[in-house]
Amino acid sequence: MFEQFIPVLMVLAVAALFAGLFLGLSNWLGPRRPDPLKDSTYECGIPVRGSTQIRFFVRFFLVAIFFLLFDLEAVFIYPWVIVYRAMLEAGHGAFALAEMGTFAFVLLVGFVYIWRKGGLEWQ
Amino acid sequence: MTHFEMPLDATSWSVLLPYLVIGGGGLLVMLVDAFVRTLKKDHLSYLTLCVFLASIVVQIAVHPGEGPRLGGMLLAGDWSRFFNYLFAGIGIMTTIFATGIYDRDGRYRPEFYPLLLFTVLGMMVLAAANDLLAVFLGLETMSLATYILAGGVRGNVRSSEAGFKYLVLGGFSSAFLLMGMALLYGYAGDTNFDAIARVLATGGGATILVTAGSALMLMGFGFKVAMVPFHMWTPDVYDGAPAYVTGFMATAVKAAGFAILLRVALLLQPQLAWAWYPVLTVFAVLTMSLGNLVALVQNNIKRMLAWSSIAHAGYLLLGVVTLLSPAVGDPARQALARTVGESAASAVLFYLVGYSLMNLAAFGVVNVLSNRGGEDADDINRYAGLSRRRPVAAATLAVALLSLAGIPPFVGFMAKFYLFAAVVKAGLVPLAVIGVINSLVSVYYYLRVIVVMYMKDTEADSYDGVEWVSVATAGALAALVLYLGIRPDAFHAAAASVIRQLPF
């Protein structure tokens, strides 16, 4: 069964070969005359102002975590949508709906918990 | 067209009931915590205890029968019931210990209770899993909640470090586990244990897939049970987490890890014993020896208990090794193979229960001695003269440590006896000798604490009012350690009957 993976391996090998070859060639043949302007970070032609490693307000982190949580949960709804019609035809529509309802309810409890605990207040 | 199982009939509900009680209880505790303004500090712990008790009552009352249920996802019957009782019991003890410490120093963590319930839910699913998906679901539910439990003491750097380390390394090990499952699925074309067993029995397919897959899965489980060489997180995490969480992790997480390790070992035994047996033998010996040797030089009692828990994982691994040994795999002597396999697996179960009892007693005492600043009493020298200041606590800790060392009238001795007897029955005498030598070595560091407690002069007592409920609970556990050490027969018979459900 490994024979079917040989083309994939060949693609990988050829890609690695070409990438390595041209990176190596340009490194070997290309002339190098560095000056301060060339060494500076290129940001659409605009000179960089200040340090790029600034501090973020920790609240952004919390918001990002909440977003990830609820965004990821939405992903789980897609497979359910795919099989919902089939389940409906098989006569298990109410069950499928109740399953998603339970899922949404557990999510809702999490949301309410965050809300009541003050996780959504911008302080 | 996709095929659908009949969703939920009456039997499915009765299988699900204990899981629903624990999971729903966790949600209930969360909501009560968020909405009820008039809560006293210990009300949530009473509610949590009620949920655990309700799950035990449900298990006693409802018997859903034996075998795979819910479309083959979970294994119903004595095996899962045994572990559910164990997890609920450990959960109850942990709740009591945690509450005792809040009462005194005002460290109040209401999120602890729902997290504890969700961890137990994950463990129950993991122990009962009959499908790779259920394994992963249970393992992740358990792990994610444990990461927060370990790192959840706000403002404590060591606790945060423990949680962070555990999270990063645990995520890494989960990735290995998932990759292994994917390879095993690629081999068998199914995630169900029974289907995998059928494919393994025919012996067809690419053996490299199942070998590599099972090796990766072994890494994932080995991390959870703190098997050398996947143990590096254990001392730091056990040391940094608060003592009641450490006690919980050292007992319940380990029991869940060994439950699934036993299931997977039995599943793979027909085809992969040749690969797993030598590898696990080396790992078991390394785990025992390294755990005991490093524990010898620890001055911090939580680190000492962490290394000792690694050593005990090594003893437990001997049981798994016995299951995979040539004696069990020998088709010519089926009857003998069955006896050896059953005695090894039941010895592992008995050991898990005994180890949970004595370890919880030990951590219960360590937990209750933590001082007002919230730091655990982890320096061994601070236990000097404890026998005069706190006779009950000192006696409880002494019983627990003697039992961990495997001294006769306690359950630790009987557990080791059953385990080494099974190892000898399989003809692995050298392994049993290594195990006995290791437990001799371990006597030194356990006795050292007892010597400090009973024979050194009293130091100034820096621990405030010892909370009597926790001490009484730890004392009751110590009494149980003594009782099961004297009368282990009934319980051992129960463990043996649980094992009979599993395929050999």
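Reply: In this predicted model, the axes of helix H15 (residues 391-405) of chain B and helix H17 (residues 429-455) of chain B come within 8 Å and cross at roughly 170°.

Me: Why is H15(B) called roughly antiparallel to H17(B)?
Reply: Angles over 145 degrees count as roughly antiparallel. The crossing angle of H15 and H17 of chain B is roughly 170°, and H15(B) is therefore roughly antiparallel to H17(B).

Me: Which residues of H15(B) and H17(B) meet, and what classes do they belong to?
Reply: From H15(B), the residues include B:Ala394, B:Leu397 and B:Leu401; from H17(B), they include B:Ser439, B:Ser442, B:Val443 and B:Tyr446. By class, this contact has 12 nonpolar, two polar and no charged residues.

Me: Why does B:Pro326 count as partly exposed?
Reply: A residue is buried with 20 or more other C-beta atoms within 10 Å and exposed with 12 or fewer, and partly exposed in between. B:Pro326 has 13 C-beta neighbours inside 10 Å, so the term is partly exposed. This proline is placed in helix H12 (residues 326-329) of chain B. B:Pro326 and B:Pro114 are 212 residues apart in sequence, and their C-alpha atoms are 45 Å apart in space.

Me: Is B:Ala226 buried or exposed, and what makes it so?
Reply: The cut-off for a buried residue is 20 or more other C-beta atoms within 10 Å. B:Ala226 has 29 of them and is therefore buried. B:Ala226 is not a glycine, yet has a positive phi of about 60°. Its place is the loop between H8 and H9 of chain B.

Me: What kind of peptide bond joins B:Val228 and B:Pro229, and where does B:Pro229 lie?
Reply: The bond is cis, with omega about 10°. B:Pro229 lies in the loop between helix H8 (207-224) and helix H9 (233-240) of chain B.

Me: How do you know whether the radius of gyration of chain B agrees with that of a compact globule?
Reply: For 504 residues, a compact globule would have a radius of gyration near 23 Å; the value for chain B is 22 Å, so the two agree. The C-alpha atoms of chain B fill a box of roughly 70 × 55 × 40 Å along the principal axes, and buried residues make up 55% of the chain.

Me: How many helices and strands are there in chain B?
Reply: Chain B has 19 helices and two strands.

Me: How is chain A divided, and how far apart are the C-alpha centres of its domains?
Reply: Chain A is divided into domain 1 (2-39) and domain 2 (58-116), and their C-alpha centres lie 44 Å apart.

Key
Residues numbered from 1 in each chain as written. Chains lettered and ligands numbered in written order. Predicted model: local features only at pLDDT ≥ 70, side-chain atom pairs only at ≥ 80, totals over all residues. Axes fitted to C-alpha atoms, helices over the stretch in contact; angles between N-to-C directions. Helix = DSSP H or I, 4+ residues; strand = E, 2+ residues; numbered from the N terminus. Parallel < 35°, antiparallel > 145°, perpendicular 65-115°, else oblique. Contact = placed C-beta atoms within 7 Å. Nonpolar A, V, L, I, M, F, W, Y, C, P; charged D, E, K, R; others polar. Domains from an automatic or database assignment. Rg over C-alpha atoms; globule rule 2.2 N^0.38 Å.
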